[in-house]
Amino acid sequence: MDQIAGQLGEIAGSLFFTGSADGYISARDRRNRSPHRGDDGEDIDGVRCTDIKTSVMRYWPDPLRYRLMVRDDARRPNWIYVLALIKEDDALNVSLVGWAKESDLPKTPYHGDKASLVGAYIIMADKLRP
């Protein structure tokens, strides 16, 4: 489900930023030809320095209760990160909640009691740029 959500978020990002799915399709085609090589965060051809981070809304109906999480290996200077959310029972509707510059991310990663978040740089959705 998470991998499908990521693809849907990239398609939504392509539609939002370029007006078509072409940038997603060409990026996906390039990645499929080299499946063992990473994409270096390039989710959409023609949309440089933008990384779409997509999650499935499993816990709350309010998108602003979720968080943008960026792992250390995904951080790149001068990039932006977009939070996309998909309702678990409605994958056809992708919400592009907000975005953050790399410089907006916290200086230190999360080190709290939620093990799945440890090491991620986190911004709550209600603190993202609209």
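The lining of the largest pocket has 13 charged, twelve nonpolar and seven polar residues. Here Ala, Val, Leu, Ile, Met, Phe, Trp, Tyr, Cys and Pro count as nonpolar, Asp, Glu, Lys and Arg as charged, and the others, Gly among them, as polar. The model is predicted: local features need pLDDT of at least 70, side-chain atom pairs count only at pLDDT 80 or more, and totals for chains, interfaces and linings use all residues. Residues are numbered from 1 along each chain as its sequence is written, and side-chain values use heavy atoms, with hydrogens and water left out.

**The largest pocket**
- A pocket is an open set of points on a 1 Å grid over the protein atoms alone, where a 1.4 Å probe fits, with protein on both sides within 12 Å along at least five of seven lines.
- Lining residues have an atom within 4 Å of a point.
- Of the 32 lining residues, Asp-2, Lys-53, Thr-54, Ser-55 and Met-69 lie nearest the centre of the largest pocket.
- At least two lining residues come from each of α1 (2–18), β1 (50–57), β2 (67–70) and β3 (80–87).
- Helices (H or I, at least four residues) and strands (E, at least two) are DSSP runs, numbered from the N terminus.

- Strands pair if DSSP finds at least two bridges between them.
- β1 and β3 run parallel, joined by eight bridges; Asp-51 has Tyr-81 of β3 as its bridge partner.
- β3 pairs with β4 (residues 90–101) in the antiparallel sense over eight bridges, and Leu-83 stands opposite Gly-98 in β4.
- Two residues lie between β3 and β4, which form a hairpin.
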